[in-house]
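Please look over the model below.

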Amino acid sequence: MSVSGKSVLKRLDWFSVLIYISLVFIGWINIYSSTFTDDNPSIFNFASLHGKQLFFIGTSAVSIIIILALEANFYERFSSLFYIISLALLLGLFVFGKTIAGATSWYDLGFFNLQPSEFAKVATALALAKYLSDIQTDIKRKKDQMISLLIILIPAFLIIPQPDPGSALVFFALIFVIFREGLPLYYLGIGFMVILIFIFTLMFGTIWVGIILGLLLALFLLLKKPSFKVPIIPVALIYIAIVLFSLSVNFVFNSVFEQRHRDRFSLWLRLEKDPKKLEQIRRDIGYNTYQSEKAIESGGLSGKGFLEGTRTKGDFVPEQHTDYIFSTVGEEWGFVGTATVVILFTTLLLRLVYLSERQKNDFSRMYGYGVISILFVHYFINIGMVIGVLPTIGIPLPFFSYGGSGLLFFTALLFIFLKLDANRLNELT
Amino acid sequence: MRKILLSSIILLVGLTFIGRLSYLQIFSFSPNQILEDPAIKAVYDYPERGYIYDRNGNLLVANQPAYDVMVIPREVKPLDTLEFCNLLGIDKERFISQLNKARVYSPRLPSVMVPQLSKEDYGRLQEKMRRYEGFYIQKRSLRYYDTHSGANVLGYISEVNEWDLERNPSYAAGELKGTTGIEKEYETILRGRKGVKYIQKDRFNRDIGPYKSGTLDTLPEQGRQITVTIDKILQEYGEKLMTGKHGGIVALEPASGEILALISGPTYDPALLVGRERSKNYSKLHYDTISKPTFDRSILASQSPGSPFKTINALVALQEGAITPETTFHCYNGFYVGKRKRGCHCGGGTRNLNSGIYLSCNAYFAGAFRKIYDQFPTSAEGMDAWEKHVKSFGLGTFLGYDLPTGRPGRIPNKEYYNRIYGENRWSSSTIISNSIGQGEVEVTPIQLANMTAAIANRGHYFTPHVLKKIGGEDISIPEFTEAKHTTIDKKYFEPVVQGMAEVYKKGTAARLQIEGVEIAGKTGTVENFTRINGIRTQLTDNSVFVAFAPVDNPKIAIAVYIENGYFGSRYAGHIASLMIEKYLKGEITRVDLEKRMLEKTLEQEYAKPYSGQPFKINERVW
């Protein structure tokens, strides 16, 4: 250990740590409220969920000390190993996994259920940073682009069949890291177009997508400078490709998707035109979202107060202590509470962007972006789902949702980066 | 560009979330949420409805328990259906259909299986109830009537309807409220205030404890008892006399305006509208369109007053200086309007005020009526003066008594006649029928009684009312305790009262005198018509009578209106006389008179227009 513990604490970004502590604290308060019953009011009752979460918070605190105490280059050096271990653990689930609520995502360690996909997020972020920061890697090369994508996709594809498509989705967020490091932006453009065409096709149908696109093209041809020569054949091919894609969207939606997926989209995009049927879907398929929206709405500006959320007490919102924990914030702390949480996350993420950009070491910066991508996508999808602007995708809210593996590895994810950041001046000397 | 891309997305998402949250929590927020919240159920604790007592402290209305058999379908275990059905007194089909209905409503919530068991059924069932899981007995409170009379004035209670719920948020579906009569008028006093307990529910609608530890809960506030001005004995007696007769009786205490009896015939037993048979009984009453038992004739039947109205014309003529008590008119067994002769039954001769009243001479009052108008340059001005005086007796208005229904009657004015005949196209001769209480004037029995009370008081009256005490304390409502003065000077009343007293001594009601009581009264015999298959057909005259007694310091003023009872002293006069005796003396000495009134009915008279046969009217049957 070349760096003493004292100097780590001195150089640690305490601003981020403070936000982390706030989020964990607010999170636990709300878990307490949503799992509290008159039988187990004691906060140290480890048979209760809020008691267990308190234990996980303690475990996380210990892990922070270990993470900060280890040498900074330990993480870079062993990142490939972590990655391979995580892939092995994911594969092992097919044999030794424990099934909870239909998903085989856990190892039963007796006192604790370990969710390797959480570990894999940290390992993949490290591995990706390691690969991209390698002096031999050039992100402009197609081959290197493919390998980076593979690093992300292998764990994702191992997680999908658990089935846990929500967690798998998180890995795609790591593409942001590759973008930051130079992946041409038109990839992002294409991705964005694909999503837009997908949504427009569902909302308006292939014919309208074709017509509108044709009109836009005609408009472009009319307004273009006479000197600009249009490559007729490629443009025509792209147009045909888009129309074909749009047709395939219909096929996928109607034949590949299951009814529950279709319903989620019907609800999200308001595809069902009959208001009565829509309301029915809202209450049946969208039951969770409906209840969580109502709970949040009933909080009003200042909320009903700690332990006073009637819908929380009545267990109206399913999975409220895990994925829907944000609805408890909404009901009991009102707009003041929800806005505070959103602002805390936004601030933390922006702070991490700032910290990443100031890294002199490529690995640290890339890992920093990995951390931001993973935290952001969780936060975005989770709160988006709970407040009803995104379809239902079940992933937890970092630092908030009940769950040991989640809290432990989100903590590890963040503090490994803070350790790297604290160490950045040593790199120069 | 690459460096700020992620930061911009993070900021944009943050703003979107805040926007969406402010939409949900600030714009969509409804402050009325404790009632909309599915997690909170309000359980009401109903106070007992206040009792109603009569003026002498006799109980009229109280409460009785009723027992509903309730079911929670999910908790029902296999049972001996046959035995259970026998206990409940229903057949198996009904049992199955009720159970299915309850299950469709909610498997988890209670539904009524059999409503309102009798006390006997309840007694038999109670011991065995615990054998039938999922069923239990719930007690409800129903009205109990300690009288078979007064349904029209007491009113009834029934479940609130959509309209009540919309208008008055303090009611919840399924609650009971006063729908007519005193029950409606004094609903807020009788009802008290329900208590509420807020219960926290979970998503399966199970109770998980009191909401906010019960800090928002309230205790029920008992309904207060009220004492009404009705005399139970007099009311019951009057209804007995009205058996088989259509019409109304209203008795007032002139010195206070308190309503002693408010009788409508035919009426019904108030207990009919309580309990299991309620809706069946109600339909039966409601659809009886010939005798209309739910139509309160004492306050709703607006008809020509007939001769009692002559007293008012006499007072107006005296006040306007058109006549003095000594002024005479000659009766030629009638009088002439232009060349047309109108009849009179007084016997003919010269009449002054006194004999004009006690012999009820049409010619005298036609003359007096004309003279009122002769005082004024135009008929219209005469009409104005006449209308002002007449209305000061409470006629042509709703009177303002404390019952929820009423009719204003009709006192015509110059606009009314201008509309019919054209401006300046009418004179006192055109409207001469009003002089004898026929023509266009219409009154209700309660107005007639109030008019009589005003004469009894020699010039003022108190608004008739039924409320006497609330929770045992006398009311002091200025509306009821302040005298309303007529526009006739006190001195003009004495000669009219004298004439009315003579009615009993040597006039139209001479045979109806009560020993030891000096009564003043006035008979009325009212021509009336109906339409049979579109043809205007005259029916037997309505029998009308107003009276007050004793003449000095009167204790009771009464108006009796008997449809198709022939001349005034016949049914109405008899009934008025008996009522006065009953009230003042407590018992009836003229047993034969009473027997006749109790036995005679007018059913055959009421059947005539519906018989489809030609019929005679004004037959002298006794």
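Strand β3(B) pairs with strand β4 (residues 111-117) of chain B in the antiparallel sense, over four bridges. In that pairing, Y67(B) has L117(B) of β4(B) as its bridge partner. The model is predicted, and local features are given for residues with pLDDT of at least 70.

**Strand β3 of chain B**

Strand β5 (residues 135-145) of chain B runs antiparallel to β3(B), with 11 bridges between them. A62(B) is bridged there to Y144(B) of β5(B). Strand β2 (residues 52-53) of chain B is also antiparallel to β3(B), which spans residues 59-71; two bridges hold this pair. I52(B) has V61(B) in β3(B) as its bridge partner. β2(B) and β3(B) form a hairpin, with five residues between the two strands. In the turn, G57(B) has a positive phi of about 85°.

| Strand pair | Bridges | Example of bridge partners |
|---|---|---|
| β2(B) and β3(B) | two bridges | I52(B) and V61(B) |
| β3(B) and β5(B) | 11 bridges | A62(B) and Y144(B) |
| β3(B) and β4(B) | four bridges | Y67(B) and L117(B) |
| β21(B) and β22(B) | 12 bridges | R531(B) and R536(B) |

**An open sheet in chain B**

Chain B also holds an open sheet of five strands, in the order β12-β11-β23-β22-β21, with antiparallel pairing. Which strands of chain B stand at the edges? They are β12 (258-265) and β21 (520-532) of chain B. Each has a single partner strand, so one side of each is left without a neighbour in the sheet. From one strand to the next, the twist averages 10°. β21(B) is joined by 12 bridges to the antiparallel strand β22 (residues 535-549) of chain B. R536(B) in β22(B) is the bridge partner of R531(B). A helix packs on this sheet: α18 (residues 445-456) of chain B touches β11 (247-253), β22 and β23 (556-562) of chain B. The direction of α18(B) makes about 145° with that of β23(B).

**Helices in chain B**

Two packed helices are described by the angle between their axes and the distance between the axes. The axes of α21 (residues 571-585) and α22 (residues 591-599) of chain B come within 10 Å and cross at roughly 125°. α21(B) and α22(B) are therefore oblique to each other. Their crossing is left-handed. α21(B) contributes H574(B), I575(B) and L578(B) to the contact, while α22(B) contributes L593(B), E594(B) and M597(B). These residues divide into four nonpolar, one polar and one charged.

R278(B) belongs to helix α11 (residues 278-286) of chain B. Is R278(B) buried or partly exposed? R278(B) counts as partly exposed, because it has 17 C-beta neighbours inside 10 Å. The C-alpha atoms of R278(B) and S158(B) are separated by 9.8 Å, although the two residues are 120 positions apart along the chain.

Chain A has 20 helices and three strands. Of its 429 residues, 42% count as buried. Among contacts in chain A with a separation of 6 or more, 68% join residues 24 or more positions apart.

The contact between the chains takes 33 residues from chain A and 29 residues from chain B. On the side of chain A, α9 (175-180), α15 (287-299), α16 (310-313), α17 (325-357) and α18 (362-386) each supply at least two residues. The largest share, 11 residues, comes from α17(A). The residues on this side of chain A divide into 17 nonpolar, nine polar and seven charged.

Conventions: Residues are numbered from 1 along each chain as its sequence is written. Chains are lettered from A and ligands numbered from 1 in the order in which they are written. This is a predicted model: local features need pLDDT of at least 70, side-chain atom pairs count only at pLDDT 80 or more; totals for chains, interfaces and linings use all residues. Two strands pair if DSSP finds at least two bridges between them. Axes are lines fitted to C-alpha atoms, for helices over the stretch in contact, and angles run from 0 to 180 degrees between N-to-C directions. Angles under 35 degrees count as roughly parallel, over 145 as roughly antiparallel, 65 to 115 as roughly perpendicular and the rest as oblique. A crossing is left-handed if the near helix is turned anticlockwise from the far one by less than a right angle, and right-handed if clockwise. Two residues are in contact if their C-beta atoms, placed from the backbone, lie within 7 Å. Ala, Val, Leu, Ile, Met, Phe, Trp, Tyr, Cys and Pro count as nonpolar, Asp, Glu, Lys and Arg as charged, and the others, Gly among them, as polar. A residue is buried if 20 or more other C-beta atoms lie within 10 Å of its own, exposed if 12 or fewer, and partly exposed in between; C-beta atoms are placed from the backbone.
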